[in-house]
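Student: I have a model open and would like to understand the words used to describe it. Could we go through them together?

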Amino acid sequence: MAVGAIRPGGRTARVRAAVLRAAGDALVEHGFDRLDLADVARRAEVGKTTVYRRWGTAAGLVADLLTDMAEQSLPRADTGSLTEDLRANARLVQRTLVDPRQGALFRAVIVAATCDPRAAEALHHFYAVRIAEWAPCVEQAVRRAELPPGTDAAEVIRAVSAPLYYRLLVSGDPIDEATADRAAEAAAAAAHAGVYTPASGPN
């Protein structure tokens, strides 16, 4: 169970929502290095003791923030077409990364993960959950004989978002819908060609 995740509408849920919103604001404004639990408590208008007892560290806050983001994420598409499903996935990632708040928040979280093991573990779990959510669209394409047997569903999903994160973190190039669609189409084409099957790996 996520930290503080008790019945919707309860005091614990309200406190968690306020603290995570405040933590997100602080991350966007100052980054992980300056994320301070006392400042988060002040922003959320809750007691410092509550924040320190429930989350303990800045990394603990980041971990729960990622859990909350996973909980709020939209469910995967199911269009009956691999390319269309992957395009929906790519556009979801694209909208998230270009959002003024969410894009900045992802940058801050990724920076946190490079220097804090707990934040890194939380980030890895977040993406594992998202990949597991979308992998069935590839598995269904295999069952429809649209893709070769043995296609690695997780690798296909990773291939969709990787070019978008490269632009966010490395090149700084625009992340628009055309870029998202191209990433989805490239991943679909590679999957159709058998790139993500065991037979395509090194001997």
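Student: Which residue with a positive phi follows α7?

Tutor: Alanine 145 comes after α7, and its phi is near 65°. Keep in mind that this is a predicted model.

Student: What makes aspartate 116 a cap for α7?

Tutor: One of its side-chain oxygens lies 2.9 Å from the backbone nitrogen of arginine 118, at the N-terminal end of α7. A polar contact needs an N or O pair within 3.5 Å, so the 2.9 Å pair qualifies.

Student: Where does α7 bend, and which proline follows?

Tutor: The bend is about 35° at tryptophan 134, with proline 136 following within four residues. That angle lies between axes fitted to the seven residues ending at the bend residue and the seven starting there.

Student: How are α8 and α9 placed relative to one another?

Tutor: Their axes come within 8 Å and cross at roughly 145°, and the crossing is right-handed. The contact includes Val156 and Leu164 of α8 and Ala183 and Ala187 of α9.

Student: Which residues form the aromatic cluster?

Tutor: Phe106, Phe126, Tyr127 and Tyr165 do. Across the whole structure there are four aromatic pairs; rings count as a pair if their centres lie within 6.5 Å.

Student: And how many helices and strands does the protein chain have?

Tutor: Nine helices and zero strands.

Notes:
Residues are numbered from 1 along each chain as its sequence is written. This is a predicted model: local features need pLDDT of at least 70, side-chain atom pairs count only at pLDDT 80 or more; totals for chains, interfaces and linings use all residues. Side-chain values use heavy atoms; hydrogens and water are left out. Rings of Phe, Tyr and Trp (its six-membered ring) pair if their centres lie within 6.5 Å; planes under 30 degrees apart count as stacked, over 60 as edge-to-face and the rest as tilted. Helices (H or I, at least four residues) and strands (E, at least two) are DSSP runs, numbered from the N terminus. A polar contact is a pair of N or O atoms within 3.5 Å; within protein, one must be able to donate a hydrogen and the other to accept it, and residues adjacent in sequence count only if both atoms are side-chain atoms. Axes are lines fitted to C-alpha atoms, for helices over the stretch in contact, and angles run from 0 to 180 degrees between N-to-C directions. A crossing is left-handed if the near helix is turned anticlockwise from the far one by less than a right angle, and right-handed if clockwise. Contact means heavy atoms within 4.5 Å.
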